[in-house]
Amino acid sequence: MDGPSPKKVYIKTFGCQMNEYDSGKMVALLSRDGYVRVEDPDQADLILVNTCSVREKPEHKLRSFIGEVKHLREGGAKIGIAGCMAQHAGDALFRRYRKDVDLVFGPDQVPQVRDLVERAATERVLENTFLDAAEYAFVRDVAPDGAGQVTAFVTIQKGCDNKCTFCIVPHTRGAELSRPSGQILEEVRALVAQGVREITLIGQNVNSYGLKVAGELNFAQLLYAVAAVPGVGRIRYTTSHPRDMGADVVQAYRDLPQLTSHLHLPVQSGSDRVLRRMKRFYRRDDYLRLVDDLRAARPDLSLTTDIIVGFPGETDDDFEQTLSLMEAVPFDGAFSFKYSPRPGTPALRMKDTPVPEPVKKERLARYQKRQQELQLASNRALEGRTVDVLVEGPSKWDPAVMCGRTSTFKTLNFPGGTELTGQTVPVQVLRGFTNSLRGERLDA
Ligand code: 5AD
Ligand code: SF4
């Protein structure tokens, strides 16, 4: 082989899409210093763990992950902790892992990862200050190896100004900051030029995009502008807050064929009492009305959601309201969680009786069981129908089976060749399962 062998980076990601995105961005930035990503920490010169603190489990996962890899430092590897947990507990982590970790930095430092890694070669590094609008630079993230990629995330906003009482994000990712639309559109154009077919706009609360910046587009206007970029096949976005979803965005579902027939719209609870105490600022009926409006604009719209069970003071009756809401919508998928008390959040200071762990567990199991039944029914109902699939590539388990997504965000597997990657093809659905569809190409 010519030249020095490349340096190797291993990244473990916990948590949300935002973290997945940050991990990808770190790899892209580090590749400018000659790093390649490896899937085995034993081979790596640099091991990064990108943490999340939205729910409790990731903190336990971090501890066991560090336990597994710390011996690799003896062979010269550097170990770093990045992400949300590094933001809100960076000082404590820096001290706790004094002997095990070289580098701790928050989400705002992701653009500087190359400098931080270089500094970590000679000293331990802790960087977790929030940057304000003047200092923060959204990194343009057209991955150098982005060729061949069918889908891509584009950040439009960082942080969140809401104060949902259960949520730690405002502490870990700071105040909401919208990325200039000019930069967003430039990045979309570059990605499309590389062959990307589907763009997902991401932020914590995308519907409030641009509202705090004089002269900036609002979110609906941004959607129209992205749709106007020639070659954009599909547009998705996440995450939405039901309160901020305006009539102009609903209208976009009538006007923009590029906008996919799927919306992730976290409801959190079906009980007005709980929603009020979560400070979500909408009621159950507002949510259901919004769903009706959206479906009037886009009849085949599929909806997914986030649900929290066992918020402090949640009664059996409150929980029944969540169950009845899921029947009323119904959702095509849901991330459901037991409430987890998070440091520094208002819900922690509420005087309500915490819901006992066994009750939370039982409610979650009931919710998930019913959700799976509803999903299965919704997927079975597609059997025999023909849907357009954007092919993302061969499936993980069989190279002769291609995997793609419907506009409604369902995963569909069908026999086919890799030459289909990046194409949108009509596929007949043969079987609907709980989490995916199986089909057959009509034109094959
Ligand atoms: N406990 C449980 N779930 C939570 N989420 C956010 N904070 C908590 C918490 N403290 C869930 C919400 C949110 C999703 C990203 O994570 O449902 O929409
Ligand atoms: Fe957290 Fe609420 Fe902001 Fe979402 S909208 S990130 S749940 S505070």
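In this predicted model, the backbone nitrogen of Arg-273 lies 3.2 Å from a polar atom of the Ser-271 side chain. The side chain of Ser-271 also makes a polar contact of 2.8 Å with that of Asp-318. Leaving aside residues up to four places away in sequence, Ser-271 touches Asp-318, Gln-321 and Thr-322. Ser-271 sits in the loop between β12 and α9, a helix spanning residues 272-278. Despite this loop position, Ser-271 counts as buried because its relative accessibility is 2%, where buried means under 20%.

Ser-53 is found in the loop that links β3 and α2. With a relative accessible area of 0%, Ser-53 is likewise buried. Its contacts, not counting residues up to four places away in sequence, are Glu-59, Cys-84, Met-85, His-88, Ile-168, Thr-172 and Arg-342. Of these contacts of Ser-53, Arg-342 also belongs to the surroundings of ligand 1.

The ligand site itself comes next. Ligand 1 is surrounded by Val-54, Arg-55, Phe-166, Gln-268, Asp-306, Ile-308, Phe-337, Lys-338, Tyr-339, Ser-340 and Arg-342. On the backbone side, a polar atom of Phe-166 is 3.0 Å from a nitrogen atom of ligand 1. Side chains contribute too: an N or O atom of Gln-268 lies 2.6 Å from an oxygen atom of the ligand, and a polar side-chain atom of Asp-306 is 2.6 Å from an oxygen atom of ligand 1.

Strand β12 (residues 262-264) runs parallel to β13 and is joined to it by three bridges, with His-262 standing opposite Ser-302. Six bridges connect β13 to β14 (residues 333-338), again in parallel; here Thr-304 stands opposite Gly-333.

Elsewhere, six strands form an open, parallel sheet in the order β2-β1-β3-β4-β5-β6. Its edges are β2 (35-37) and β6 (125-127), each pairing on one side only. Neighbouring strands of this sheet are turned by 20° against each other on average, with direction ignored. Strand β5 (residues 103-105) is joined to β6 by three bridges, and Phe-105 stands opposite Glu-127 in β6. Helix α2 (residues 57-69) packs on the sheet, where it touches β1 (7-13), β3 (46-51) and β4 (78-83), and its direction makes about 175° with that of β3. Helix α3 (residues 84-96) packs on the sheet as well, touching β3, β4, β5 and β6, with its direction at about 130° to that of β4.

The largest nonpolar core has 54 residues, of which Leu-201, Phe-219, Leu-223 and Tyr-237 touch the most other members. Leu-223 touches Leu-201, Ile-235, Tyr-237, Val-249, Ala-252, Leu-256 and Leu-259, not counting residues up to four places away in sequence. Apart from this core lies another, of 22 residues, including Ile-47, Leu-62, Ala-77 and Ala-86.

Definitions and conventions:
Residues are numbered from 1 along each chain as its sequence is written. Chains are lettered from A and ligands numbered from 1 in the order in which they are written. This is a predicted model: local features need pLDDT of at least 70, side-chain atom pairs count only at pLDDT 80 or more; totals for chains, interfaces and linings use all residues. Side-chain values use heavy atoms; hydrogens and water are left out. Two strands pair if DSSP finds at least two bridges between them. Helices (H or I, at least four residues) and strands (E, at least two) are DSSP runs, numbered from the N terminus. Axes are lines fitted to C-alpha atoms, for helices over the stretch in contact, and angles run from 0 to 180 degrees between N-to-C directions. Contact means heavy atoms within 4.5 Å. A nonpolar core is a set of buried Ala, Val, Leu, Ile, Met, Phe, Trp, Tyr and Cys residues joined through side-chain atoms within 4.5 Å. Buried means under 20% relative accessible area, exposed over 50%, partly exposed in between (1.4 Å probe, protein chains only). A residue is near a molecule or strand if one of its heavy atoms lies within 4 Å of it. A polar contact is a pair of N or O atoms within 3.5 Å; within protein, one must be able to donate a hydrogen and the other to accept it, and residues adjacent in sequence count only if both atoms are side-chain atoms.
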